[in-house]
Amino acid sequence: MNNEGVIGTQTDVGHVHAAHHDHDGDHHHHHETFISKYIFSMDHKMIAKQFLITGMVWAIIGGLMSVLFRMQLGYPGESFPILETLLGKWAKGGTITPEAYYALVTTHGTVLVFFVLTAGLSGTFANFLIPLQIGARDMASPFMNMLSYWFFFAAGVVMLSSIFVETGPFSGGWTAYPPLSALGSASPGSKTGMDLWLISMALFVVSSLLGGLNYIATILNMRTKGMSMTRLPLTIWALFFTAILGVLSFPVLLSGFILLIFDRNFGTSFYLSDIFIQGVGALPNEGGSAILYQHLFWFLGHPEVYIIILPAMGIVSEVMSTNARKPIFGYMAMLGSLFAIAVLAFVVWAHHMFVSGLNPFLGSFFVLLTLLIAVPSAIKVFNWLTTLWRGNLRFTAGMLYSIGFVSMFISGGLTGIFLGNSALDIHLHDTYFIIAHFHIVMGVAGIFGMYAGIYHWFPKMFGRYLNNTLSYIHFWVTLAGAYLIFWPMHYEGLAGMPRRYYDYSNWESFKQFVGLNQFITIVAIIVFATQLLFLFNFFYSMYKGRKVTSQNPWGSNTLEWTTPINPGHGNWVGEIPEVHRWAYDYGKDGHDYISQTTPVGADESRH
Amino acid sequence: MATTAITTDTKWWGGGKSPFNVEYGKLMMWYFLMSDAFTFGAFLIAYGTIRFSSTGWPDPNEVFQSFPGLGSGLPLMFVSLMTFILIISSVTMVLAVRAGHERNKAAVVKYLFWTIIGGIAFLSCQAWEWHHLHEEGAWWGRNPFVNQDGTASSTNFTNFFFTITGFHGFHVFSGVVINIIMLIMAMTDTFERRGHYLMIEKAGLYWHFVDLVWVFVFTCFYLI
């Protein structure tokens, strides 16, 4: 292959590239103000950091909400003066009111799923990694990219403002099922709070669409010379499928929301029929179907969980291979299973609706398709385990979180097999079993993938390292804590303890869980506090952390490590390097690693 | 390796170039249209679901039988005219795109102008039809029409009609705005300076898509 024009990429196989000096960073010469550099930035790296930090703010808000409602669950009826300080009239006398409890649960779910694990995870890493890892100066459209962030920001502002309206934020669960979400008279949270919730989510859909179109176009069109699709790191493949899932499933949610807005404000009855509200009487609405909303919602809702987990899978594959000093096991199988998951994501949504009145015959098809997902999932898990097998493991914090991700994915994935079965689901649906399942397999695993990414790419983002000791404390407490919180919930769920109840102490059958619920609450508080430790580590290290002195501190093959330590807008000084091989030549022919920019030697086998 | 150099030119997916030989904007437009197709698809499937689970539905030949100036008793005549206008505007759009390929500014301006006129004419027709239906007592949450078999109908006939044709009309309106921007850019020589009229092509894709969606909306509400 012709190698002309490749500048600044040495072929010193197996060596860390010499550090470039600071003046290499100012590749671009146009004037930058504070506003254009930090606020309305069009640099994908800055936008990624904006997504990350906004996501972290929301994680703290959403996480704190879970601590608050866990206080009620662990100590029902007991008074905590701090709750009144924080929540005011929503916790008169230090006890959370039922309305506030439901509002907290709802907002916790919405915020964590959409703002943290969607925007915070794929927004951050798609923006940061796509141009850097495919060898592009920026996204296809930096302007749309900036808009994508600001729509997300606006969605956040609207959601935040809904917390402060007099009737409170929406409180009908993050799935916003009608009639509760459609009728303002149904509950206080269904009034203004729900309108703001819908506006916020509509803005979020726009943000996600703008971002997703950009990611797809960038990956397809802007790969550097030699970067064929099968030489892409698995992070990019995962983010590519994530973007496609988002672009094709969010619009269906938007349609569902538009119909809901009409039902709320314009007297239609798309989702409403035969309803009687206490104190209001029978409603005239006729002919609609609440199940219709569930179909529209879950047509997004199920792909949404893969929108969360696929980027985590991609990050884990990359971080794990780098730190095992071994090629990822079964690259094509990894890619194929990502594809299979992305396709299956669209044809399993009704497994969320087995007990909704769905035709059981139709349900049986969804059981089959749902259980099929176990196949690509298992392929991925075994490939991660075989990547670790006999690897030269370096237990960096990113690596630990990657291994933790696999552990969580196995634990949570196995319970998915129970829940995907429509017969078992009759017993398990809407119990703590499902809470345990999706928190482990989507929530915790997604967050673990995000942490793996943050720990791994922090040196690239800020040119400094995070503190190792704090990182290890953070990992071990979070891992142990996550299992201690969610594992016991399986037992509660199998015993029939329903989700979304305000107080279980009135039920004889659940009195056995009083101690367990207190235990879960205590662990949740400890784990939340540990996340604050991570925040401290993050912001402290951003300014005061140990400086990165070599260009490629992890000895990684991918292109982002061929840029200067603090890359400017445009990423590479001089020309963009050409790519000659896949991203996973670790431990090949006696070399520790071979960068993607190194031409294939005459005595090497090709990939 | 040196021996593989010959094949470089045909490696569309090998990086360094667009695999489909298009700029990113057109790629984004295609993906956006796929996304928008899912939006409309969701609406129409929702409509189908509700309609087929209802006991009856009004007859479109009874509902849509008026023509401005000619009175009633002309089933589907007016909507046929609307559809014809929209399809003709697609034809003029094709001509505008072709003129853009030929870098013929005068022809681009001419055909864009007629496309915009077609779009505005369609929207005006829709406005008349909505107004007429409103006069008859139809609106969101209000349905004066009875089912084909004479039984009382739920409001979902009008609910879906106004929501979905309104959403489509909003798309046509956006298309008209986009086309007006294209017209201004063409008239101020923006595309001449760029050396290509690719923006017109992207606007054209959107316009044809909106047209295609109308075919489905038309079929679902007026024919079936």
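In the predicted model examined here, residues 1-28 of chain A form a stretch in which pLDDT stays under 50. For this stretch, the model has 53 contacts beyond four places in sequence. Over chain A as a whole, the mean pLDDT is 92, and 95% of the residues reach 70 or more.

The architecture of chain A comprises 16 helices and four strands. The radius of gyration of this chain is 25 Å, close to the 25 Å given by the globule rule for 607 residues, and chain A is therefore as compact as a globular protein of that length. Along the principal axes, the C-alpha atoms of chain A fill a box of roughly 80 × 50 × 50 Å. Of the 607 residues in chain A, 56% are buried. When contacts between residues at least 6 apart in sequence are considered, 80% of those in chain A join residues at least 24 apart.

Chain B contains seven helices and zero strands, and its elements follow the order α-α-α-α-α-α-α from the N terminus on. The radius of gyration of chain B is 22 Å, well over the 17 Å that the globule rule gives for 224 residues, so chain B is more spread out than a compact globule. The box filled by the C-alpha atoms of chain B, taken along the principal axes, is roughly 80 × 45 × 20 Å. Buried residues account for 37% of the 224 residues in chain B. Among contacts in chain B with a separation of 6 or more, 69% involve residues 24 or more positions apart.

The two chains meet at an interface in which 39 residues of chain A are in contact with 34 residues of chain B. On the side of chain A that touches chain B, at least two residues each are supplied by helix 6 (192-221), helix 7 (234-265) and helix 8 (290-324). Helix 7 of chain A gives the most to this side, with nine residues. By residue class, the side of chain A that touches chain B divides into 22 nonpolar, 14 polar and three charged residues.

The peptide bond from Pro178(A) to Pro179(A) is cis, with omega near 5°. Pro179(A) is located in the loop between helix 5 (142-162) and helix 6 of chain A. Asp430(A) is not a glycine, yet its phi is positive, at about 55°. This residue lies in the loop that runs between helix 13 (422-428) and helix 14 (432-462) of chain A. Asp430(A) has 13 C-beta neighbours inside 10 Å and therefore counts as partly exposed. A positive phi, of about 65°, is likewise found at Arg500(A), which is not a glycine either. Arg500(A) is placed in the loop between helix 15 (468-494) and helix 16 (514-544) of chain A. Because 12 C-beta neighbours lie inside 10 Å, Arg500(A) counts as exposed.

A further site concerns Ser337(A), which is part of helix 9 (residues 331-344) of chain A. With 21 C-beta neighbours inside 10 Å, Ser337(A) counts as buried. Residues up to four places away in sequence being left aside, Ser337(A) touches Pro376(A), Ile379(A) and Lys380(A). For Ser337(A) and Lys380(A), which are 43 residues apart along the chain, the C-alpha atoms are separated by 6.9 Å.

Technical notes. Residues are numbered from 1 along each chain as its sequence is written. Chains are lettered from A and ligands numbered from 1 in the order in which they are written. This is a predicted model: local features need pLDDT of at least 70, side-chain atom pairs count only at pLDDT 80 or more; totals for chains, interfaces and linings use all residues. pLDDT is the predictor's confidence in each residue, from 0 to 100. Two residues are in contact if their C-beta atoms, placed from the backbone, lie within 7 Å. Ala, Val, Leu, Ile, Met, Phe, Trp, Tyr, Cys and Pro count as nonpolar, Asp, Glu, Lys and Arg as charged, and the others, Gly among them, as polar. The radius of gyration is taken over C-alpha atoms; the globule rule is 2.2 Å times the number of residues to the power 0.38. A residue is buried if 20 or more other C-beta atoms lie within 10 Å of its own, exposed if 12 or fewer, and partly exposed in between; C-beta atoms are placed from the backbone.
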